[in-house]
Amino acid sequence: DVATSLNNLANLYKDQGKYAAAEPLYEESLRIRKQQLGNDHPDVAESLNGLANLYQIQGKYAAAEPLYEESLRIRRQELGNDHPDVATSLNNLANLYKSQGKYAAAEPLYEESLRIRRQEL
């Protein structure tokens, strides 16, 4: 679908360091998914996560944090606390905190992510 294609192209641009080209694609993908699927769909969480990651790479931590938090909230709500995508969101938010030196905030998120991942074994 269009939103997935936008997200894929945005990922490519992000990986190439073309952040200014990636951002509007992530935003459009997010807008389409919210419009078509509703605000709490797991695909919306995926789009939020991609945009948050783009902001994090650029050092825009204040912009990234609420997007990672919203992605985590959606995934917990829609997929359950022990879903692998929840572990991914926990890990991403923990990485954001770690990159800012917020180790005390990162540690419990890493621990919860690890607990979920161990259940997959």
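Guide: Let's start with N11, which lies in helix α1. Bear in mind that this is a predicted model.

Visitor: Is N11 buried or partly exposed?

Guide: N11 counts as partly exposed, because its relative accessibility is 26%. The cut-off for buried is under 20%.

Visitor: How far apart are the C-alpha atoms of N11 and R75?

Guide: They are separated by 20 Å, and the two residues are 64 residues apart along the chain.

Visitor: What does R75 touch, then?

Guide: One contact I can give you is with N49, which touches R75 as well as Y68, S71 and N92. That leaves out residues up to four places away in sequence.

Visitor: Where is N49?

Guide: N49 sits in helix α3.

Visitor: And why does N49 count as buried?

Guide: Its relative accessibility is 14%, and buried means under 20%.

Visitor: Let's move to the fold. How many helices and strands are there?

Guide: The chain has 6 helices and 0 strands. Read from the N terminus, the order is α-α-α-α-α-α.

Visitor: How does the radius of gyration compare with that of a compact globule?

Guide: The two agree: the chain has 14 Å, and a compact globule of 121 residues would be near 14 Å. The C-alpha trace spans about 35 × 30 × 25 Å along its principal axes.

Visitor: What share of the residues is buried?

Guide: Of the 121 residues, 37% count as buried.

Visitor: What about the nonpolar core: how many residues are in the largest one?

Guide: It has 30 residues, and L51 and L93 have the most contacts inside it. The elements giving two or more residues to this core are α1 (2–15), α2 (19–37), α3 (42–57), α4 (61–79), α5 (84–99) and α6 (103–120). In soluble globular proteins, nonpolar side chains tend to be buried together.

Visitor: Which residues does L51 touch?

Guide: L51 touches E23, Y26, E27, L30 and L67, with residues up to four places away in sequence not counted.

Visitor: For the whole chain, what share of contacts comes from residues 24 or more positions apart?

Guide: They account for 52% of the contacts with a separation of 6 or more.

Visitor: Last topic, the surface and the charges. What have you got?

Guide: The accessible surface comes to about 6,400 Å², and 49% of that belongs to carbon and sulfur atoms. There are 14 positive and 18 negative charges, and their mean positions are 3 Å apart.

Technical notes
Residues are numbered from 1 along each chain as its sequence is written. This is a predicted model: local features need pLDDT of at least 70, side-chain atom pairs count only at pLDDT 80 or more; totals for chains, interfaces and linings use all residues. Side-chain values use heavy atoms; hydrogens and water are left out. Helices (H or I, at least four residues) and strands (E, at least two) are DSSP runs, numbered from the N terminus. The radius of gyration is taken over C-alpha atoms; the globule rule is 2.2 Å times the number of residues to the power 0.38. Buried means under 20% relative accessible area, exposed over 50%, partly exposed in between (1.4 Å probe, protein chains only). Contact means heavy atoms within 4.5 Å. Accessible areas come from the Shrake-Rupley method with a 1.4 Å probe; for residues, only the protein chains shown count as cover. Lys and Arg count as positive and Asp and Glu as negative; His and the chain ends are not counted. The place of a charge is taken as NZ of Lys, CZ of Arg, CG of Asp or CD of Glu. A nonpolar core is a set of buried Ala, Val, Leu, Ile, Met, Phe, Trp, Tyr and Cys residues joined through side-chain atoms within 4.5 Å.
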